[in-house]
Amino acid sequence: MVYTVNIGKFKVVIIGTARMLTAVYTLLLEFHHKAMTIRTILEFPDPRLRTQAASVGKVDKRIRYLLDDMFETMYEAKGIGLAATQIDVHERVVVMDVSEERDTPLILINPEVEFIGDSQLEHDEGCLSVPGFYETVSRPDCIRLRALNEKGESFELEPDGLLAVCIQHELDHLNGKLFVDYLSALKRQRIRKKLEKLHRQSS
Ligand SMILES: [Zn+2]
């Protein structure tokens with residue numbers, strides 16, 4: 001049999017039995033995990049950032065490796081949140097850490113949010129996919145969050161303030177939405193042009 005599997009951004013063709021496939025796949029995953037943990041972050045206006053992410057069916061080793069890579073990538077980039085969409089993986093997985101000390105990791109798999117009350121919070125938002133730009137966005141202040149953790153267990157949170165804002169920002173990524181979508185068309189165009197110019201210069 002011929003099998004094709006995806007290891008990170010690589011497509012690997014494996015010829016052999018199903019059992020061989022599993023063994024080789026596990027080895028490749030281990031190798032990939034050790035070899036490349038910091039992933040490339042897509043930047044606005046990359047169209048891949050507009051992809052609607054699919055729900056995670058099973059929280060297994062593959063997802064836990066993805067989480068490790070995402071944390072590594074987020075901490076390296078000095079971000080407070082990263083959605084899988086931003087590293088071109090279109091599954092509903094988010095990692096966050098809004099603590100000063102960078103020691104309070106939060107994992108959200110298949111997150112769902114409900115708004116509680118109608119108070120709004122204005123916050124200057126930035127994004128690893130829109131580097132160098134900070135703009136004020138208004139969002140609901142209090143939310144109820146339901147998600148799975150790295151073991152696939154369901155949990156609930158009722159955060160407010162920065163954490164509530166950050167969770168909504170990351171959830172938007174999973175739905176192909178960016179914080180620049182909340183700005184005026186003029187502002188968004190200006191940011192787009194500046195980033196496109198930077199991308200041209202660095203390519
Ligand atoms: Zn972002």
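This is a predicted model: local features need pLDDT of at least 70, side-chain atom pairs count only at pLDDT 80 or more; totals for chains, interfaces and linings use all residues.
**Entry 1: F115 and its surroundings**

I began with F115 and looked up its contacts (heavy atoms within 4.5 Å). Leaving aside neighbours within four places in sequence, F115 is in contact with P140, C142, I143 and Q168. I placed F115 in strand β5, using helices and strands as DSSP runs numbered from the N terminus (helices are H or I, at least four residues; strands are E, at least two). Is F115 buried or exposed? F115 counts as exposed, with 51% relative accessibility. My cut-offs were under 20% relative accessible area for buried, over 50% for exposed and in between for partly exposed, with a 1.4 Å probe and protein chains only. I also checked F115 against E158: the two are 43 residues apart along the chain, and their C-alpha atoms are separated by 9.7 Å.

Residues are numbered from 1 along each chain as its sequence is written, and side-chain values use heavy atoms, with hydrogens and water left out.

**Entry 2: the zinc ion**

Next I asked which protein atoms are the donors of the zinc ion. I found C127 (SG), H169 (NE2) and H173 (NE2), lying 2.0 to 2.2 Å from the zinc ion. Donors here are N, O and S atoms within 2.8 Å of the metal (3.2 Å for Na, K and Ca); water is not among the atoms, so sites may look incomplete. Along the chain, the zinc donors follow the spacing C-x41-H-x3-H. C127 sits in the loop between β6 and β7 (135-140) and H169 in helix α3, so this pair ties together parts that are 42 residues apart in sequence. I looked up burial for both: C127 counts as buried at 10% relative accessibility, and H169 counts as buried at 7%.

**Entry 3: the second largest pocket**

C127 came up again when I turned to the second largest pocket: of its 22 lining residues, I80, E125, G126, C127 and Y134 lie nearest its centre. For the record, a pocket is an open set of points on a 1 Å grid over the protein atoms alone, where a 1.4 Å probe fits, with protein on both sides within 12 Å along at least five of seven lines; lining residues have an atom within 4 Å of a point. I noted a volume of about 370 Å³ for the second largest pocket, a volume being the space filled by probe spheres set on the points, which are joined across faces, edges and corners.

Which element gives the largest share of the lining? α3 does, with six residues. β6 (120-125) and α3 (161-174) each supply at least two residues. I sorted the lining into ten nonpolar, eight polar and four charged residues. In that sorting, Ala, Val, Leu, Ile, Met, Phe, Trp, Tyr, Cys and Pro count as nonpolar, Asp, Glu, Lys and Arg as charged, and the others, Gly among them, as polar.

**Entry 4: nonpolar cores**

I then went looking for nonpolar cores, meaning sets of buried Ala, Val, Leu, Ile, Met, Phe, Trp, Tyr and Cys residues joined through side-chain atoms within 4.5 Å. The largest has 18 residues, and those with the most contacts inside it are L67, M70, L82, I87, V93, V95 and I109. α2 (61-76), β4 (93-96) and β5 (106-115) each supply at least two residues of this core, and α2 gives the largest share, six residues. Apart from this core lies another of 14 residues, among them A53, A147, L171 and L174.

**Entry 5: backbone details**

I checked the backbone too. A cis peptide bond joins F44 and P45, with omega about 5°; P45 lies in the loop between α1 (18-35) and α2. D88, in the loop between β3 (81-83) and β4, has a positive phi near 65° in a residue other than glycine. R102, in the loop between β4 and β5, also shows a positive phi, near 60°. D88 counts as partly exposed at 32% relative accessibility, and R102 is partly exposed with a relative accessible area of 28%.
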